[in-house]
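Hi,

Here is the structure I promised to pass on to you.

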Amino acid sequence: MEKGQLLYEGKAKRLYATDKQGILWVEYKDSATAFNGEKKEEITGKGILNNKITSLIFTKLQEAGIASHFVKQLSDHEQLVQSVSIIPLEVVVRNITAGSMAKRLGIEEGVAISRPVVEFYLKDDELGDPLITDDHVDMLKLATAEEVAELKQKAREINQVLIGFFKEIGVDLVDFKIEFGRDSNGQILLADEISPDTCRLWDMETKQKLDKDVFRRNLGNLTEAYELILTRLGGQHS
Ligand code: C5P
């Protein structure tokens with residue numbers, strides 16, 4: 001497989017065409033960003049860790065019957081994915097109160113939520129990715145009412161599977177963000193990445209934060225936290 005032209009460069013990844021129809025080449029970068037790009041740093045090794053962790057998680061999800069864009073891990077920092085048309089929504093699922101929801105609703109962090117909360121945020125850097133409702137999704141013609149129901153259902157299913165994976169390695173899945181895309185047949189597939197950049201992961205015993213909050217809140221060494229997640233998931237860091 002040949003790597004083709006650069007199609008898109010985001011904050012954490014570069015996307016290239018390939019010589020195979022419908023297949024894209026993803027390169028994970030070492031950049032860390034937070035607060036809509038206001039806090040920025042290069043962290044050597046972060047791209048490799050996120051590529052390895054995402055590849056492991058998407059493989060496990062596929063084994064659990066969750067369809068996604070993931071094809072295979074190519075190298076330490078690269079993977080192949082199916083080309084999909086991304087639905088410009090960040091779908092967030094929350095199991096424990098934290099982050100923007102705790103702040104918005106004036107509630108303390110760390111309280112278990114009995115029925116996981118699913119939220120939609122509009123993917124729009126200029127607007128700061130605002131929280132939107134199902135009706136806004138419909139009004140903006142981002143997805144039909146049936147698709148909104150499907151996105152929520154899939155998000156809840158993925159949550160249940162992920163809770164199980166992380167429980168096995170002694171980690172609480174506090175919350176996470178996922179993205180979906182449509183393939184050429186209009187089928188909705190899980191896309192993008194699932195890594196400590198996109199999840200809140202707390203050690204069950206010590207409550208140590210093993211995710212991007214380490215960077216956002218200056219809590220210590222980010223690569224050490226991500227390496228811990230990778231090795232507990234059964235991966236090897238270089
Ligand atoms: O900041 P907030 O509490 O809304 O984040 C919820 C979850 O979504 C966190 O796990 C966070 O890492 C993830 N997230 C993300 N990308 C964003 C916003 C949030 O991965 N742009």
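This is a predicted model: local features need pLDDT of at least 70, side-chain atom pairs count only at pLDDT 80 or more; totals for chains, interfaces and linings use all residues.

Residues are numbered from 1 along each chain as its sequence is written, and side-chain values use heavy atoms, with hydrogens and water left out.

First, the helices. Two packed helices are described by the angle between their axes and the distance between the axes. Helices here are DSSP runs (H or I, at least four residues), numbered from the N terminus. Axes are lines fitted to C-alpha atoms over the stretch in contact, with angles from 0 to 180 degrees between N-to-C directions.

Take H1 (residues 46-63) and H4 (residues 145-168): their axes come within 11 Å and cross at roughly 120°. That makes H1 oblique to H4 (under 35 degrees is roughly parallel, over 145 roughly antiparallel, 65 to 115 roughly perpendicular, and the rest oblique). The contact (heavy atoms within 4.5 Å) is made by Ile57, Lys60 and Leu61 of H1 and Ile158, Val161, Leu162, Phe165 and Phe166 of H4.

H1 also meets H6 (residues 222-232), where the axes come within 10 Å and cross at roughly 25°. That makes H1 roughly parallel to H6. Among the residues making this contact are Leu49, Ile53 and Leu56 of H1 and Tyr226, Ile229 and Leu230 of H6.

Now the ligand. Which residues come nearest to the ligand? Of the 15 around it, they are Arg94, Ser100, Asp175, Arg200 and Arg216 (a residue is near if one of its heavy atoms lies within 4 Å).

A side-chain N or O atom of Arg94 is 2.8 Å from an oxygen atom of the ligand. For Arg200, a polar side-chain atom lies 2.9 Å from a ligand oxygen atom. Glu90 has a polar side-chain atom 3.1 Å from a nitrogen atom of the ligand.

Cheers

Terms used
Helices (H or I, at least four residues) and strands (E, at least two) are DSSP runs, numbered from the N terminus. A polar contact is a pair of N or O atoms within 3.5 Å; within protein, one must be able to donate a hydrogen and the other to accept it, and residues adjacent in sequence count only if both atoms are side-chain atoms.
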